[in-house]
Amino acid sequence: MKPDKRKVDPKSQYRINEEIRVREVRVVGDNGATVMSTREALELAQQRGEDLVEISPNAEPPVCRIIDYSKFLYQQKKKAKEIKSRQVKVDIKEIRFGPQTDDHDYNFKLKHAKEFLEEGNKVRAYVFFRGRSILFKEQGEVLLLRFANDLEEYGKVEQMPKLEGKKMFLFMAPKKAGVAKKSQQKVDRERREAEAASAAANAPQEVKESTGDGLAANAKGLEALAALKFDE
């Protein structure tokens, strides 16, 4: 056992060897877990030429492993690196407007904002007021609210329009990374349109013809009735 292993990482959160001052510990390994006195665990670690490392100090009794401390630190760093690499990185994309942005420029930026949200990124849209254009701050707020409404299928508002200096900010986050979620209203509308189209396509030909004849007959009847009333 090498008591100076602590020098490998002086900021480590783990206690090792003689630093473990409880009466007994639970030693875990490939063959399971065993509760023993801390003295016995230290002696076992010394026989193996390894260290007694406390990995769960709040357990009853504390959980330890007998392992080479340098190897243990390496494993922990490797595990932390793997977890970090699996985390989804969320970027914040900026969209800039002027208080009097025209429709062409607005739609162009709206398209990019949709793409950003679909990719799982956040969007920070802002209106920049240059000079006396600060007088049109209400117009900038309306523009940002319109922007948020047009993106409701793709993102949710994290911060409503807020003026900070010469900029008014709106923050939006994706509803779901990589997927644009349709509003229930749009889903229902599309379903009704599809059902109507399907019913029309599957209707018998004679029904379509009779329907057309009936409409024509009704139109003629109305014309005759109008003429009759006119004569009276």
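Two strands pair if DSSP finds at least two bridges between them. Helices (H or I, at least four residues) and strands (E, at least two) are DSSP runs, numbered from the N terminus. The model is predicted: local features need pLDDT of at least 70, side-chain atom pairs count only at pLDDT 80 or more, and totals for chains, interfaces and linings use all residues. Residues are numbered from 1 along each chain as its sequence is written, and side-chain values use heavy atoms, with hydrogens and water left out.

**Exercise 1.** Find the bridge partner of Ile-92 in β6, and describe how β6 pairs with β5 and with β8.

Solution.
- Step 1: Ile-92 has Lys-122 as its bridge partner in β6.
- Step 2: β5 (residues 92-97) pairs with β6 in the parallel sense, over 6 bridges.
- Step 3: From β5 the chain passes through α3 to β6, a right-handed β-α-β crossover (with the strands pointing away from the viewer, the path from the first strand over the helix to the second runs clockwise).
- Step 4: With β8 (residues 167-174), β6 pairs in the antiparallel sense, also over 6 bridges; here Phe-128 has Lys-167 as its partner in β8.

**Exercise 2.** Locate Asn-121 and state which backbone atom its side chain reaches.

Solution.
- Step 1: Asn-121 sits in the loop between α3 (103-118) and β6 (122-128).
- Step 2: Its relative accessible area is 7%, so Asn-121 is buried (under 20%; exposed is over 50%, partly exposed in between, with a 1.4 Å probe and protein chains only).
- Step 3: The side chain of Asn-121 reaches the backbone nitrogen of Asp-91 at 3.4 Å.

**Exercise 3.** Check the backbone at Pro-61 and at Asn-17.

Solution.
- Step 1: The Glu-60 to Pro-61 peptide bond is cis, with omega near -10°; Pro-61 belongs to the loop between β3 (51-56) and β4.
- Step 2: Asn-17, a residue other than glycine, has a positive phi near 50°.
- Step 3: Asn-17 lies in the segment before β1 and is buried, with a relative accessible area of 1%.

**Exercise 4.** Determine which element gives the largest share of the lining of the largest pocket.

Solution.
- Step 1: A pocket is an open set of points on a 1 Å grid over the protein atoms alone, where a 1.4 Å probe fits, with protein on both sides within 12 Å along at least five of seven lines; lining residues have an atom within 4 Å of a point.
- Step 2: The largest pocket is lined by 16 residues, and Val-28, Gly-29, Asp-30, Asn-31 and Arg-48 lie nearest its centre.
- Step 3: β1 (24-29), β2 (32-37), α1 (38-48) and β4 (63-67) each supply at least two lining residues.
- Step 4: The largest share, 4 residues, comes from β2.

How values were computed:
A polar contact is a pair of N or O atoms within 3.5 Å; within protein, one must be able to donate a hydrogen and the other to accept it, and residues adjacent in sequence count only if both atoms are side-chain atoms.
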